[in-house]
Structures are given as structure tokens and as C-alpha cells.
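Trainee: I would like to go through the ring contacts and then the sheets. Can we start with the aromatic side chains?

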Amino acid sequence: MTSTQSLYDAFKERKLKLDMSRGKPAPEQLDLSNELMAPLDTYLAADGTDTRNYGGGVGLPEARALFAELLAVPAAQVVVDSSASLSLMHDVIVYHLLNGAPDHAPWLEQGQVSFLCPVPGYDRHFSICEKRGIKMINIPMGDDGPDMDLVEKLVAADARIKGMWCVPKYSNPGGAVYADSVVRRLAAMKTAAPDFRLLWDDAYRFHHLGEERIAIPEILDECAKAGHPDRAFVFASTSKVTWAGSGMAALASSPANIAWWTANAGVRSIGPDKVNQLRHVRFLKNADNVAALMERHRQLLKPKFDAVLDQFGKLLGDVEGVSWTVPQGGYFIDLVTPEGQARRTVSLAKEAGITLTPAGAAFPYGRDPLDRHIRIAPSFPSLAEIGVAAEGIALSLRLAIEESQDL
């Protein structure tokens, strides 16, 4: 039988160069929205606004209406600004740090600020906290969301815990979908901090991989029912719907929070890119058209996910301590190694020509306590390349395990 080392060495000889470090849409996905380049017949919005000029800090009315339909909220509770929702998340946190929530002191004046961080999670969420001096507390994730017993215990006891990151559907990187009960407990739980915030990153709301279009309770509705209408900020964008680098982003929240946002954001900008909003609205039109476009994305993405899962099943299915998620949507697979093997696997994959997200990136401060999780991003390589890449990752993991057993 051919040894893992010889198989790995032969794979290295292919001298591949594949980048799977981020969940980037592939060129053929971006091409689905090339109609955005068609000239506009007019730069005037529905209300007569000349989109080439200043103003419109909360976004074009028709852009707000589109996101209102997509997010199931009133248009008056939506702001459309920026091209990426991550910038809106950053600003919401900074405004709380510097200026405070409505009727509350700035977080920076209240002492050390902490956030709950479900893990494994999204590295860029954690980067915002780290750069802004916010202490991060790991919360274990299950298939149905974060450990709510632990969440409720912590937020009820410590007023320094001001917020929690949430990717409620097809979470990055594990693909978890929050159970209805988890959503409702998050909305209703008692918090020691009266200015506690849920940062609800609905990044993959439309990004289904299976036939089922999974839905969960709307967090703004649940917060309002529970008597905490200002608790949640919902974030979404077209970054993986149209063009990742030239989309439009939105936040939705309570009327009080929208007024608060408008007052703060008006200092940093005279208005968003309304021309981009106009061309997006004219291209996307409504929720039905968005769903049709996302089905075309699904047809491109699902075979890539299937190819990775097929290779993992063939090459890792018999390896003790190895598992992986089978997501129903989103952009990632979480490959779980035996304890202490993730970093070595990523290093061996790099030597074999496959660039992965650094092991540990899915945890605050880049530290996976057990060194077990590797985020797999199948979207960017071609279908032909992704199966080869999955083979190389599997061989790297098998070799890492065998090396540790020889010590």
C-alpha cells in the first residue's frame, strides 16, 4: 500500500497554487451580475433625487424598501450605507464606545467592555473587538447555535458584557442554524447591562446550498415582543449576491436606534454611493428576483461543496478524531482535526500549494485552545481545482496525524 508520505510528496510535485484563504465568490458568480455595468437611463431616483449629488444619509428610499422586503422589517427601520456590512458593524461598535447607546454613557466611560463570541466564529468580528480593546469571551457553538445556558448566566451576572456576535443562519465557519428557541432566548434574556447589544450578522440569509429555504424567527420582532426593542442591530449586504467588492450594505434596528445611527453617521459622511444603490435596485428589483439570482449561485456552489465532501469522505472517513460539517448554506465547511493537528495541517497544505485560512482564525485572538478547527472555503477555486485541493488538504491532515504518532 502506498504510504501517506509518498502520496503527499507526489501531490507536492504538481506544484499547484490554490488560494482558499477567504470565502470569495468565483469569477463565474460575479459574472451573474454583470448587468450592473449597463448604463443607467437616468440618475434620478424614484423621489427625484439626483443620485450623483450629496445627501441621502440613510439611503435611497427604493434601496431601503428593497432591504425592508428582504429582511422583513419596515423600510423606516432600515439604513442602506457603504458597500460592506462589516464597516457598519465597526461603526455601530465605535459609536457605542465613544458616544454610548441612547440615554446611556459611552462604553469607554464605563470601564472594560466585553463581548460574547460564539466559537468557532468569524475572524473579522473578532478583529474589530481586538483592535478596539474589547475583551472577548468564548461561547461554544452547537448545531443549533450558541450554548444558551452559558450565555444567559454570563450576561445576567456581568454588566461589563455589552454585546454578542451572532451569525444566526449558516454560521461562519460551521454552518450552524440558530434554533427558534435560541433566537427567542437571546431576545428575552435578562442582562446586567441595560445597553447590551446583539450584533446580528445575517450575512448568509439568502445563501442556501440545499433545496430547503430555511427560515428562523426575525430577531427584531422577537426583541420587541420581549420588551427589548433596542437590543439588536441586524446587518446584511449584497456582497455575495452581486459583486463582493461593489455591493450595498444595510443595517436594520428599532426606530430609536435608527435615529441614533443617523445622528452619529451624519458626522462622518455627507451621504453614501447612491448611484451604486440605484443600479442595484434596478438590477435586483425585488425579493423574488434576488431568490432567482441566489438559485443560480447555488447551482455553481453546491457542486464545489459536494466535491470537497466527497474527497473528505474517501480520504478521511476512516480517520479517528476527524470530522467536518455538512452545511445547508453559507460559504464554509469546518474541518475538525484531532487535538493539536490543525496548525500542522495548514502548514503542510501550504507546502503543497494550498493556502488556507490560518488555523485558529475562527477564535478570538487567533487562538484555538485545542488546535482543531480549519475553515474550508470551497467557493473561489474552479470546480476542477476544488476536488484536487480537497485531496491535498486531506493528505496533509493524514500526514500531520501520522507525524504526531511517530513522535
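Trainee: Which residues do ring pairs link into a cluster?

Mentor: The model is predicted: local features need pLDDT of at least 70 and side-chain atom pairs count only at pLDDT 80 or more, while totals for chains, interfaces and linings use all residues. Side-chain values use heavy atoms, with hydrogens and water left out, and residues are numbered from 1 along each chain as its sequence is written. Rings of Phe, Tyr and Trp (its six-membered ring) pair if their centres lie within 6.5 Å; planes under 30 degrees apart count as stacked, over 60 as edge-to-face and the rest as tilted. Ring pairs link into one cluster the residues Tyr95, Phe233, Trp260 and Trp261.

Trainee: How many aromatic pairs are there by this rule?

Mentor: A pair of aromatic rings is described by the distance of the centres and the angle of the planes. Under the rule, the number of aromatic pairs is nine.

Trainee: What kind of pair do Tyr178 and Trp200 form?

Mentor: Their ring centres are 5.7 Å apart and the planes stand at 90°, so the pair is edge-to-face. Tyr178 sits in the loop between E6 and helix H7 (180-188) and Trp200 in strand E7, so parts 22 residues apart in sequence are tied together. Helices (H or I, at least four residues) and strands (E, at least two) are DSSP runs numbered from the N terminus.

Trainee: Which charged residue sits over the ring of Tyr331?

Mentor: The criterion is NZ of Lys or CZ of Arg within 6 Å of the ring centre and within 35 degrees of the ring normal. Elsewhere, Lys24 lies over the face of Phe380 at 4.5 Å from the ring centre. Over Tyr331, at 5.2 Å from the centre of the ring, is the charged end of Lys240.

Trainee: What is the strand order of the open sheet of eight strands?

Mentor: Two strands pair if DSSP finds at least two bridges between them. Pairing in this sheet is mixed, and the order is E2-E9-E8-E7-E6-E3-E4-E5.

Trainee: In E13, what is the bridge partner of Leu335?

Mentor: Strand E11 (residues 333-336) runs antiparallel to E13, with four bridges joining them. The partner of Leu335 in E13 is Ile374.
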